[in-house]
Amino acid sequence: MRTIKNIFVHCTATPQHTTIEQLQAAFRRRGWSAPGYHYVICPTGRIVKLLDDIFIANGVAGHNEHAVHVAYIGGIDSQGRAVDNRTCAQRSALQTQLRVLLTRYPGAHILGHRYISPDRNRNGRVDAWERIKACNCFDAATEYAGLRPVRQE
Ligand SMILES: [Zn+2]
(Lines give C-alpha, C1' and ligand atoms only; values in the text may rest on other atoms or scores of the structure.)
Protein backbone atom coordinates (compact mmCIF):
# COMPACT_ATOMS: atom_id res chain seq x y z
CA MET A 1 0.00 0.00 0.00
CA ARG A 2 1.07 3.60 -0.62
CA THR A 3 1.87 5.89 2.30
CA ILE A 4 -1.02 8.35 2.60
CA LYS A 5 0.01 11.71 4.03
CA ASN A 6 -2.78 13.92 2.75
CA ILE A 7 -6.52 13.57 2.30
CA PHE A 8 -7.62 16.21 -0.18
CA VAL A 9 -11.15 17.58 -0.22
CA HIS A 10 -12.47 18.80 -3.57
CA CYS A 11 -15.62 20.06 -5.14
CA THR A 12 -16.30 18.79 -8.66
CA ALA A 13 -16.90 22.41 -9.81
CA THR A 14 -19.91 21.14 -11.75
CA PRO A 15 -23.70 21.56 -11.32
CA GLN A 16 -25.14 19.54 -8.43
CA HIS A 17 -27.11 17.30 -10.81
CA THR A 18 -23.91 16.08 -12.50
CA THR A 19 -23.85 12.29 -12.68
CA ILE A 20 -20.98 9.92 -11.90
CA GLU A 21 -20.99 8.91 -15.59
CA GLN A 22 -20.55 12.56 -16.64
CA LEU A 23 -17.64 12.97 -14.22
CA GLN A 24 -15.97 9.83 -15.55
CA ALA A 25 -16.46 11.03 -19.14
CA ALA A 26 -14.84 14.37 -18.26
CA PHE A 27 -11.78 12.57 -16.85
CA ARG A 28 -11.50 10.50 -20.03
CA ARG A 29 -11.76 13.64 -22.18
CA ARG A 30 -8.74 15.00 -20.32
CA GLY A 31 -6.90 11.87 -21.36
CA TRP A 32 -6.56 10.65 -17.77
CA SER A 33 -6.22 6.92 -17.23
CA ALA A 34 -7.18 7.39 -13.56
CA PRO A 35 -10.10 9.45 -12.26
CA GLY A 36 -9.57 12.75 -10.45
CA TYR A 37 -10.95 11.42 -7.16
CA HIS A 38 -11.09 8.20 -5.19
CA TYR A 39 -14.50 8.98 -3.66
CA VAL A 40 -17.35 11.18 -4.82
CA ILE A 41 -20.09 12.39 -2.48
CA CYS A 42 -23.45 12.85 -4.21
CA PRO A 43 -26.03 15.45 -3.09
CA THR A 44 -28.16 12.56 -1.77
CA GLY A 45 -25.31 11.54 0.55
CA ARG A 46 -24.44 8.50 -1.52
CA ILE A 47 -20.68 7.79 -1.42
CA VAL A 48 -19.33 6.43 -4.71
CA LYS A 49 -15.90 4.85 -4.88
CA LEU A 50 -14.24 5.56 -8.24
CA LEU A 51 -10.81 4.16 -7.49
CA ASP A 52 -9.24 1.96 -4.83
CA ASP A 53 -6.89 3.77 -2.46
CA ILE A 54 -3.97 1.64 -3.62
CA PHE A 55 -4.06 3.49 -6.95
CA ILE A 56 -2.98 7.09 -7.60
CA ALA A 57 -5.74 9.49 -8.70
CA ASN A 58 -5.37 12.75 -10.64
CA GLY A 59 -6.58 15.14 -7.93
CA VAL A 60 -3.77 17.66 -7.49
CA ALA A 61 -0.94 17.71 -10.01
CA GLY A 62 2.36 17.01 -8.27
CA HIS A 63 0.69 15.98 -5.00
CA ASN A 64 -0.99 12.69 -5.83
CA GLU A 65 1.58 10.08 -4.86
CA HIS A 66 0.77 10.18 -1.13
CA ALA A 67 -2.80 11.42 -1.33
CA VAL A 68 -6.38 10.20 -1.33
CA HIS A 69 -8.93 12.49 -2.97
CA VAL A 70 -12.56 13.00 -1.97
CA ALA A 71 -14.92 15.30 -3.89
CA TYR A 72 -18.47 16.47 -3.33
CA ILE A 73 -20.56 17.07 -6.43
CA GLY A 74 -21.20 20.82 -6.75
CA GLY A 75 -19.17 23.85 -5.74
CA ILE A 76 -20.43 26.32 -8.35
CA ASP A 77 -23.64 28.35 -8.65
CA SER A 78 -25.74 28.79 -11.81
CA GLN A 79 -23.30 31.47 -13.01
CA GLY A 80 -20.31 29.20 -12.51
CA ARG A 81 -19.10 31.08 -9.44
CA ALA A 82 -17.52 29.22 -6.54
CA VAL A 83 -20.01 28.45 -3.78
CA ASP A 84 -20.25 26.00 -0.92
CA ASN A 85 -23.57 24.42 -1.86
CA ARG A 86 -23.16 21.10 -0.09
CA THR A 87 -26.48 19.56 0.92
CA CYS A 88 -27.00 18.43 4.52
CA ALA A 89 -26.74 14.80 3.41
CA GLN A 90 -23.55 15.61 1.56
CA ARG A 91 -21.94 17.35 4.55
CA SER A 92 -22.75 14.37 6.70
CA ALA A 93 -21.52 11.76 4.20
CA LEU A 94 -18.36 13.75 3.50
CA GLN A 95 -17.57 13.86 7.20
CA THR A 96 -18.25 10.14 7.51
CA GLN A 97 -15.92 9.31 4.62
CA LEU A 98 -13.16 11.56 5.99
CA ARG A 99 -13.41 9.85 9.38
CA VAL A 100 -13.14 6.45 7.70
CA LEU A 101 -10.01 7.63 5.88
CA LEU A 102 -8.50 9.10 9.06
CA THR A 103 -9.01 5.72 10.69
CA ARG A 104 -7.35 3.99 7.77
CA TYR A 105 -4.48 6.50 7.60
CA PRO A 106 -3.71 7.77 11.11
CA GLY A 107 -1.91 11.09 11.12
CA ALA A 108 -2.92 12.03 7.57
CA HIS A 109 -3.77 15.69 7.05
CA ILE A 110 -7.12 16.84 5.67
CA LEU A 111 -6.57 19.64 3.19
CA GLY A 112 -8.65 21.58 0.69
CA HIS A 113 -7.39 21.55 -2.88
CA ARG A 114 -7.00 25.33 -2.78
CA TYR A 115 -4.27 25.14 -0.14
CA ILE A 116 -1.95 23.77 -2.76
CA SER A 117 -1.06 27.17 -4.14
CA PRO A 118 2.24 29.07 -4.03
CA ASP A 119 2.85 31.01 -0.80
CA ARG A 120 3.93 34.05 -2.80
CA ASN A 121 4.67 36.38 0.09
CA ARG A 122 6.27 33.53 2.07
CA ASN A 123 4.35 34.20 5.25
CA GLY A 124 3.96 30.49 5.88
CA ARG A 125 0.35 30.13 4.77
CA VAL A 126 -1.67 30.33 1.57
CA ASP A 127 -3.74 33.51 1.93
CA ALA A 128 -7.06 33.94 0.11
CA TRP A 129 -5.49 36.14 -2.59
CA GLU A 130 -2.81 33.54 -3.27
CA ARG A 131 -5.22 30.71 -4.06
CA ILE A 132 -4.98 29.61 -7.64
CA LYS A 133 -8.21 27.60 -7.30
CA ALA A 134 -11.41 28.05 -5.31
CA CYS A 135 -11.80 24.26 -5.01
CA ASN A 136 -13.12 22.98 -2.50
CA CYS A 137 -15.05 26.19 -1.70
CA PHE A 138 -14.87 25.97 2.10
CA ASP A 139 -12.16 25.93 4.74
CA ALA A 140 -11.62 22.18 5.09
CA ALA A 141 -8.65 22.42 7.45
CA THR A 142 -10.70 24.46 9.94
CA GLU A 143 -13.99 22.59 9.49
CA TYR A 144 -12.34 19.22 10.06
CA ALA A 145 -9.71 20.24 12.62
CA GLY A 146 -11.55 18.35 15.38
CA LEU A 147 -12.39 15.32 13.27
CA ARG A 148 -11.40 12.04 14.90
CA PRO A 149 -10.94 8.55 13.49
CA VAL A 150 -13.97 6.30 13.81
CA ARG A 151 -12.46 3.78 16.21
CA GLN A 152 -11.29 6.27 18.84
CA GLU A 153 -14.78 7.14 20.06
ZN1 LIG B 1 -9.98 20.15 -6.64
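Which residues make a nonpolar surface patch of about 340 Å²? I found that Met 1, Ile 54 and Phe 55 make this patch.

Before going on, I note that this is a predicted model, in which local features need pLDDT of at least 70 and side-chain atom pairs count only at pLDDT 80 or more, while totals for chains, interfaces and linings use all residues. Residues are numbered from 1 along each chain as its sequence is written, and side-chain values use heavy atoms, with hydrogens and water left out.

Entry: the surface patch. A patch takes residues with over 30% relative accessible area and no salt bridge, joining like charges within 9 Å and nonpolar side chains (Val, Leu, Ile, Met, Phe, Trp, Tyr) within 5 Å. The areas come from the Shrake-Rupley method with a 1.4 Å probe, and for residues only the protein chains shown count as cover. I located Ile 54 in the loop between strand 3 (47-49) and strand 4 (67-72); helices (H or I, at least four residues) and strands (E, at least two) are DSSP runs, numbered from the N terminus. Ile 54 is partly exposed, with a relative accessible area of 47%. Here buried means under 20% relative accessible area, exposed over 50%, and partly exposed in between (1.4 Å probe, protein chains only).

Entry: the cores. I looked up the nonpolar cores, which are sets of buried Ala, Val, Leu, Ile, Met, Phe, Trp, Tyr and Cys residues joined through side-chain atoms within 4.5 Å. The largest has 23 residues, and those with the most contacts inside it include Ile 7, Val 70 and Leu 98. Strand 1 (6-11), strand 2 (39-41), strand 4 and helix 2 each give two or more residues to this core. Helix 2 gives the most, with 5 residues. A second, separate core of 10 residues includes Ile 20, Tyr 37, Val 48 and Leu 50.

Entry: the aromatic pairs. I recorded 4 aromatic pairs in the structure. Rings of Phe, Tyr and Trp (its six-membered ring) pair if their centres lie within 6.5 Å; planes under 30 degrees apart count as stacked, over 60 as edge-to-face and the rest as tilted. Phe 27 and Trp 32 are stacked, at 5.8 Å centre to centre and 15° between the planes. Phe 27 is buried at 7% relative accessible area, whereas Trp 32 is partly exposed at 26%. Tyr 72 and Phe 138 form a tilted pair, at 6.0 Å and 45°. This pair links distant parts of the chain, 66 residues apart. Both partners are buried, Tyr 72 at 0% and Phe 138 at 6%.

Entry: the salt bridges. Why might such pairs form? Side chains of opposite charge can pair when their charged atoms come close. I count a salt bridge when a side-chain nitrogen of Lys or Arg is within 4 Å of a carboxyl oxygen of Asp or Glu, and the whole structure holds 6. Asp 53 forms one with Arg 104, the closest N and O atoms being 2.7 Å apart. Asp 53 lies in the loop between strand 3 and strand 4 and Arg 104 in helix 2, so the pair ties together parts that are 51 residues apart in sequence. Asp 53 is buried at 3% relative accessibility, and Arg 104 is partly exposed at 41%. Finally, I noted a network of salt bridges that links Asp 84, Arg 86, Arg 91 and Glu 143.
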